[in-house]
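Good morning, and thank you for the time. I should like to take you through one model and then its details.

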Amino acid sequence: MGINRRNLLQATSAAAAFFGAGAAKAATASPRKGDVELRGTVGRLERLGSLELESQQDFLTGFRSFVNDDLRKAAAMRAEAIVKSAGMDPKGEMKYAQAAALFEKDPIMATYVKAWVANQQQTWSTIQDYFHRNADQYLSEMDAFDKQGPGTVEWDPKMFIPDYTKHEIHIQPGGYVGDPFAGYINFYGVNNFYAGRNYQDETQYAIAQAVPLPKDGKVKRILDLGCATGRLTLQMKERFPDAEVWGIDVGGPMVRYAHVRAADLGIDVNYAQRLAEDTKFPDGYFDIVTSYILMHEVTIEASHKITAEALRVLRPGGVYFPVDFANGKQRGPITPYAAFSVWWDHRWNNEVWSIDYRDSNYADFMRKAGFAVDETVKSARRGHGGLLGIKT
Ligand SMILES: C[S@@+](CC[C@H](N)C(=O)[O-])C[C@H]1O[C@@H](n2cnc3c(N)ncnc32)[C@H](O)[C@@H]1O
C-alpha cells in the first residue's frame with residue numbers, strides 16, 4: 001500500500017504524542033459539523049485548502065528565511081560600512097530619521113527592505129485571495145462553529161471599534177477588524193512571520209510554560225488580552241486544564257476563527273470580541289492575565305488603559321505576564337542599523353504604533369498602574385522583554 005500523503009501525520013494518537021494534547025483531542029474530535037478540513041492536518045496545523053496556496057506559502061516562507069538570514073546580514077554589514085565612512089560609530093545611538101536618510105537610497109539596504117516587504121505583500125495577498133474565492137465555504141464553517149463547542153465565542157458586528165485598531169497593521173489587508181476572514185488570513189500569514197517555526201504553536205507553548213504562578217499557586221481563571229487567533233489562550237488552557245480560560249480581541253473575525261480552531265482541536269476555551277481596555281469582567285475575577293505582542297500594536301494612551309484594566313480584573317496576588325518587544329531598561333541601544341530597522345518597519349510594514357512603544361518603558365507603565373513589577377523574569381522569547389506584574 002502506498003503512502004496516503006493527504007493523511008500523513010494526521011492527528012492520530014502517534015502524532016499526538018509528538019505534537020501535543022491538542023492534536024490528541026483533534027484526532028477524536030474532527031471532523032466536526034461544518035468543518036472545512038480539505039487536506040488534513042499536520043499535527044495541530046490544519047493544512048491550507050489547496051496545494052497551489054500551500055506551495056506558494058512554503059516558497060514565501062523559505063524566501064523569508066533567506067531574507068531574514070542572508071540578506072539581513074548583508075544589509076547589516078553594509079550599514080556598518082556606510083556609518084564608518086560617514087565618520088560615525090556603528091554602535092552609537094542614532095535617530096530614526098537620520099538613519100532613514102543615511103541608508104534608504106543605498107542599493108543593498110533597499111534590496112533587503114524591498115525583498116522583505118514584497119514577501120510580506122505576497123504572503124497576505126495570496127492567502128486573502130484564496131479565502132475570498134472560497135468565501136461561502138469558510139463563512140459556513142464559522143457560522144457552524146459559532147454554535148458548537150467545546151468552548152464558546154461571542155462577537156458583535158455593532159461593537160464600537162476604536163480608530164487606532166483599524167490600521168492595516170503589518171500590511172495585513174483589512175487589518176484585524178476589516179475583513180471577515182481576518183482570522184484565517186492572520187493565522188496562515190503569521191506562520192510565515194515565524195519562518196515556519198510555529199506551525200505547532202511552539203512559541204505560545206513556551207510562553208505559557210514561562211508564566212509564573214501566583215504565590216498561593218491558585219489558578220482558577222485566566223484572561224488572554226489581544227488573543228488574535230487564540231494560540232496563547234489555547235496553550236494556557238493546556239497548561240491549566242481545570243481553569244476557566246478567556247481570550248479577548250477587538251477583531252470579531254479574529255475570535256470567530258480562534259473558536260473554530262479551538263473547537264476543532266477539542267479545547268474548551270472562551271473567546272469574546274471585547275476591548276482590552278474595557279473587558280467587561282468583574283473586579284478581581286482572574287488569577288492570571290497574559291498578553292503577547294499586543295502592546296506594541298496599540299497607542300500609548302490605550303496601553304496605559306489596558307494596563308489599568310489588567311490590574312482591575314486581577315484578584316489580589318494575581319499575576320500579569322505581558323510579553324512584547326523589549327523596551328525601557330531591557331532594550332539595547334538604538335544603533336544606526338536598529339534605528340533604520342524600526343523606521344522601515346514603521347514606514348513600509350505599517351507598524352503604526354511600535355515606534356512609540358519601543359521608545360517607551362512598559363515596566364514604568366505597569367508601576368504607574370499600581371503593579372509591583374519584577375523585571376528579572378524570562379519571557380521565553382528572544383528579543384522580548386520579561387516582565388511580571390503582581391497585584392498586591
Ligand atoms: C499581534 S496580535 C496578538 C498575537 C496573539 N497574542 C498570539 O498569541 O499569537 C495583536 C492582537 O491584538 C488585538 N488588539 C489590538 N488592539 C486591541 C484592543 N484594544 N483590545 C483587544 N484586542 C486588541 C488585535 O486585533 C490583534 O489580534
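Residues are numbered from 1 along each chain as its sequence is written.

Let me begin with confidence. The protein chain has an average pLDDT (the predictor's confidence in each residue, from 0 to 100) of 93, and 92% of the residues score at least 70. Helices (H or I, at least four residues) and strands (E, at least two) are DSSP runs, numbered from the N terminus. Confidence is highest in strand E4 (residues 221-225), at 99, and lowest in helix H1 (residues 13-19), at a mean of 50. Over residues 1-16, pLDDT stays under 50. Where pLDDT is low, the predicted coordinates should not be read in detail.

Next, helix H5, residues 107-133. Its 27 residues reach 38 Å from first C-alpha to last, close to the expected 39 Å, which is 1.5 Å times one less than the number of residues. Its buried residues (20 or more other C-beta atoms within 10 Å; exposed is 12 or fewer, partly exposed in between; C-beta atoms are placed from the backbone) include Tyr112, Trp116, Gln120 and Thr123. Residues three or four places apart in an α-helix point the same way, because there are 3.6 residues a turn. Among the elements covering the buried residues of H5 are helix H3 (51-85) and helix H12 (336-348).

Finally, the backbone. Most residues other than glycine have a negative phi, and most peptide bonds are trans. The bond from Gly149 to Pro150 is cis, with omega near 5 degrees; Pro150 is in the loop between H6 and strand E3 (152-154). Lys280 has a positive phi, near 70 degrees, and counts as exposed because it has 10 C-beta neighbours inside 10 Å. Ile293 also has a positive phi, near 45 degrees, but with 18 such neighbours inside 10 Å it counts as partly exposed.

Notes. Predicted model: local features only at pLDDT ≥ 70, side-chain atom pairs only at ≥ 80, totals over all residues. Contact = placed C-beta atoms within 7 Å.
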